[in-house]
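Please consult the sequence and the three-dimensional view while reading the sections below.

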Amino acid sequence: MAEGTITLDIEGLGIAELDYGAPLTAVLPETVNGLPVLAALANNDVVPLDSPVILDAAVRPLTLADPEGWQVYRRTLCFLLAKVLHEDFPAVDCRVRQSFGHNALYWSWDVPHAEREAKVAALRGRLAALVSRDAPIRHRVVGYEQILRHFRDAGQEDKANLLRHRNPPYLGMAVCEDFYDLPQGVLATHTGLLNLFDLVPLRDGFVLEFPGSATPTELDPMPPYDFLFEVYAEHLRWGEIIGIRNAGELNAAIADGSVADVINTVEALHEKRLATFADRIAARVPRPHVVLVAGPSSAGKTTFAMRLCTHLRVLGLRPTLLSTDNYFVGDARNPRDAEGNLDYECLQAVDCPRLNEDLLKLLRGETIPSRKFDFRKHEGFDSAETLALDPTRGVLVIEGIHALNPDLTPQIPREEKFLIYVNVLTQVAIDRHNRVSTIDNRLLRRMVRDGQFRGRSPIETLRLWPSVRAGEEKWVFPFQHYADAVFNTALDYEIPVLKALAGPLLNQIKPHNPEFVTARRLSCFLQNFATMPMADVPTNSILREYLGASRLRYK
């Protein structure tokens, strides 16, 4: 290798050499399998195509077919939409709110209903024009004071607030024409690469649709939305009431001490909703004998179920709590997926015959041994404890990812069940145009919990996460619409608390690990938030399920 020459091992192309500081575009193809290259993965780090090459690296071009390329596409599309909104609709409040399925985002837009359809059509046209002129998107390093002054002069206070509690001497900025933004990750280098999207009017705003990794050349049909929309809208209203809508506002509350009111308010909301659920269960005629609580990983099912039991006791009922996790079959009997790995997410990982046998015994008034599972040994066992159900006021509360699946409890009639779906529907955003991913929120919860209570390293958690997510898509989300009630376990203050514990865990994952790409993305995301001590979290909070030191007793 000549002095000043960099060697790249490019997936699908082999070895290439180029001069130190030359851009990646000098050696990367424009398309892979007919899809435009959006960015690159260099030594497990996502980099823009115009990135100067300064290190020998293994490089993989990223397209929409790659999860990381899909994130680049979605992120860049939101950046372009932010530019159009800022330049063409500066007086209208528009904010990203929630995901709609996998490949769409809902945005609220404060325009009169009578004008909404025409306004959305005009916005779509402006966005299409920006894509058509194939404007370059540059990544530039800008001094802290300069960019802070720019944001304030441009009226981008949400961006300026992100910097108020940070002090880097310079920042990497994204620039398209005269628009500057603080990117939340790598963007594509030209607007023309974002040629597939749509904007659809909906309720008080619109849906931004984009292609997915599995369907990179088409837009998916819009999924059903009424089920979760009202739950999210309620949480959004509470966010507006307490005045915490984004990371900058949350950081300010932490700095001035008013975050204590935020904590008390959001915890009170949880308490109020729990009481409402208990009232509904007790009032239903005939009263259900079995309450089933389901949701994806790290949604807070266990703590929710325990706190629900407390509210049921207040109403004079006698709940008995069961976790389906305690009925795992163990590694010796656990099914494997197509790659030969243990599939912990499938229904067959649960000993359904034994579970149903125990349920029927309890409902008949019999006493059973309490089933337990050792997560360090991956073995189940019957403990010395016993369980019984009160014959007149007893209620079985069962929690687990499969709880809404009719095949988990086929011998219990539907009219005897009350089904509850819980998930983390985060309303606090990073800024107006960058949301906090509910999936990332749950991943941070799981990483902290796995390290503290399940003997699992952060790299193991990240390695298992794709399998967990695939299991949710197959075994959890298809059954959410069966629920009689939905509970949002998101806590508006939780990311700063999780940051203090998750940050050091993420630092354990090194660039040579394939999981580094996710760890780095999460670390960059957490930089937007200040930190909060764990001691500020109430001891009965759902967040304590992941932090520890709960006053609830997890068996």
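## Strand β21 and the basis of the model

Val486 belongs to strand β21, which spans residues 485–488. Helices and strands are DSSP runs numbered from the N terminus, a helix (H or I) having at least four residues and a strand (E) at least two. Residues are numbered from 1 along each chain as its sequence is written, and side-chain values use heavy atoms, with hydrogens and water left out. The model is predicted: local features need pLDDT of at least 70 and side-chain atom pairs count only at pLDDT 80 or more, whereas totals for chains, interfaces and linings use all residues.

Val486 counts as buried because its relative accessibility is 8%. Buried means under 20% relative accessible area, exposed over 50%, and partly exposed in between, with a 1.4 Å probe and protein chains only. Along the chain, Val486 and Phe277 are 209 residues apart, and their C-alpha atoms are separated by 9.3 Å.

Helix α8 covers residues 301–314 and contains Arg313. With a relative accessible area of 45%, Arg313 is partly exposed. Between Arg313 and Ala403 there are 90 residues of separation in sequence and 22 Å in space, C-alpha to C-alpha.

Helix α7 (residues 259–283) packs with α8 at an angle of about 60°, and their axes are 9 Å apart. Axes are lines fitted to C-alpha atoms, for helices over the stretch in contact, and angles run from 0 to 180 degrees between N-to-C directions. The two helices α7 and α8 are therefore oblique to each other. Angles under 35 degrees count as roughly parallel, over 145 as roughly antiparallel, 65 to 115 as roughly perpendicular, and the rest as oblique. The crossing of α7 and α8 is right-handed; this term applies if the near helix is turned clockwise from the far one by less than a right angle, and left-handed if anticlockwise.

## Packing of α10 and α12

The crossing of α10 and α12 is left-handed.

## Salt bridges

Side chains of opposite charge can pair when their charged atoms come close. The structure holds 34 salt bridges, each being a side-chain nitrogen of Lys or Arg within 4 Å of a carboxyl oxygen of Asp or Glu. One of them joins Asp450 to Arg456, with the closest N and O atoms 3.3 Å apart. Asp450 is buried, at 0% relative accessible area, and Arg456 is buried as well, at 16%.

In helix α11 (residues 458–475), Arg469 and Glu473 lie four residues apart, about one turn of the helix. These two residues form a salt bridge whose closest N and O atoms are 3.4 Å apart. Arg469 counts as buried at 15% relative accessibility, whereas Glu473 is partly exposed at 29%. Elsewhere, salt bridges that share partners join Glu11, Arg60, Asp66 and Glu68 into one network. Within it, the closest N and O atoms of Arg60 and Asp66 are 2.9 Å apart, and Asp66 is buried, with a relative accessible area of 15%.
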